[in-house]
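Subject: Handover of a structure and its findings

Dear colleague,

Please find below the structure that I am handing over to you.

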Amino acid sequence: MSDEITRLFPAAVGGSAQDALTDAELLALYSPPSRQERLVRANFVSSVDGSATASGLSGGLGGPADKRVFDLLRQLSDVVLVGAGTVRSEGYGAMRLAPDAAAWRSRNGLTEHPVFALVSGRLDLDPASDVFAKAPVRPLVFTVSSAPAAARASLAAVADVIDCGATSLDVPTMLDALTGRGLSQIHCEGGPSLLGALIAADALDCLCLTTAPALEGGAGPRITRAGVDTELPLRALRLDHLLLAGSMLLSKYSRAR
Ligand SMILES: NC(=O)c1ccc[n+]([C@@H]2O[C@H](COP(=O)([O-])OP(=O)(O)OC[C@H]3O[C@@H](n4cnc5c(N)ncnc54)[C@H](OP(=O)(O)O)[C@@H]3O)[C@@H](O)[C@H]2O)c1
């Protein structure tokens, strides 16, 4: 499988739709309109029939082109926000970018690495894991006041632990805490529960969705899981661009408010 990506929509200006996009062109396509304004973006992969996993993991759905965009989206962000379920199941390590990406960030006035922010209610996270022990920047852990005190004390040694709500996570408080630290480009890599909370709060501004050319059959979860029983109003989206990599589609949608 190649990581070559071409453009389907909007049509290329002054070039051919068949021209493979360079990293610089992809960065331009995914760059925020203004780094000063808060942007809450998520990146997910789904099978054509709507599964967020293959054999329990998202990695089985992606490919080299999807990984290329995944890495470039990290490169553009101030903070990478991930739910504890995804950190545990996908085996996350430290949030350290490749040397080329870190150098690009330095040239563009950013810190070499984005901050890693985790969301957990139970704080069932290992402070000795690479996520914390090898972190190039001190991670953040967003939790609730009712979280277990012992786990909180252990994590506080290796991360800033921040309460956002008494028993359930208050999304606006979390986002304000991030922007208060100068982290306005907020990039969520999952998982479905955290995305559900962002959608419920109508806090998601942009969704980058890879559609993997495969059918999973129905055992896997969707990319978003509602944390509430009540039906939400539909959140309308606008298609910003659609890219093609083999038979894989890479789309970017913005919330149409
Ligand atoms: N297709 C994709 O692009 C994609 C992306 C990411 C993940 N995934 C897949 O999704 C699956 C994991 O799903 P998931 O829903 O468990 O992922 P998740 O949202 O990353 O994790 C859920 C856990 O994160 C914490 N959390 C998330 N939202 C919270 C909130 N609003 N309030 C308090 N805590 C919150 C809780 O941690 P505690 O349990 O510690 O309290 C919760 O149990 C895995 O199979 C993974 O491979 C797919």
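Predicted model: local features only at pLDDT ≥ 70, side-chain atom pairs only at ≥ 80, totals over all residues.

**The ligand and its surroundings**

Which residues lie closest to the ligand? The ligand is surrounded by 27 residues, and the closest are Ala52, Thr86, Glu90, Ser120 and Ser193. Sorted by class, this shell holds 10 nonpolar, 12 polar and five charged residues. At least two residues of the shell come from each of β2 (39-47), α3 (84-89), β7 (185-190) and α8. Helix α3 supplies the largest share, with five residues.

In Glu90, a polar side-chain atom is 2.3 Å from a ligand oxygen. Arg225 also uses its side chain, in which an N or O atom lies 2.7 Å from an oxygen atom of the ligand. Gly191, by contrast, takes part through its backbone, with an N or O atom 2.8 Å from a ligand oxygen. On its own the ligand has 910 Å² of accessible area, and the protein covers 83% of this.

**The second largest pocket**

The second largest pocket has a volume of about 570 Å³. It is lined by 25 residues, and those closest to its centre are Ile199, Arg222, Thr224, Leu232 and Arg235. Two or more lining residues come from each of α8 (192-200), β8 (206-212) and β10 (248-255). Helix α8 makes the largest contribution to this lining, four residues; α8 is also one of the elements that supply at least two residues to the shell around the ligand.

**The cavity**

How many cavities of 30 Å³ or more are there? The count is one, and the space in this largest cavity is about 60 Å³. Its lining is made up of Pro32, Leu39, Arg41, Leu73, Leu76, Ser77, Gln185, Ile186 and His187. Of these residues, five are nonpolar, three polar and one charged. Strand β2, helix α2 (64-76) and strand β7 each give at least two residues to the lining, and the largest share, three residues, belongs to β7.

**An aromatic pair**

A pair of aromatic rings is described by the distance of the centres and the angle of the planes. One such pair is counted in the model. Why is the pair of Tyr92 and Phe116 called tilted? The ring planes stand at 35 degrees, with the centres 5.7 Å apart, so the pair is tilted. Tyr92 sits in the loop between α3 and α4 (99-107), while Phe116 belongs to strand β4 (residues 115-119), so the pair ties together parts that are 24 residues apart in sequence.

**Backbone features**

Two cis peptide bonds may be pointed out here. One joins Phe9 and Pro10, with omega at about -10 degrees; Pro10 is found in the loop between β1 (6-9) and α1 (23-30). Another joins Gly190 and Gly191, with omega at about 0 degrees. Finally, Ser55 has a positive phi of about 55 degrees, although Ser55 is not a glycine. The loop between β2 and α2 holds this residue.

With kind regards

Key
Residues numbered from 1 in each chain as written. Heavy atoms only, no water. 1 Å grid on protein atoms, 1.4 Å probe; cavity = no way out; pocket = protein on both sides within 12 Å on 5 of 7 lines; lining within 4 Å. Points joined across faces, edges and corners; volume = space filled by probe spheres on them. Near = heavy atom within 4 Å. Polar contact = N/O pair within 3.5 Å; in protein donor to acceptor, adjacent residues only side chain to side chain. Areas by Shrake-Rupley, 256 points an atom, 1.4 Å probe, with all protein chains shown as cover. Nonpolar A, V, L, I, M, F, W, Y, C, P; charged D, E, K, R; others polar. Phe/Tyr/Trp six-rings, centres within 6.5 Å; stacked < 30°, edge-to-face > 60°.
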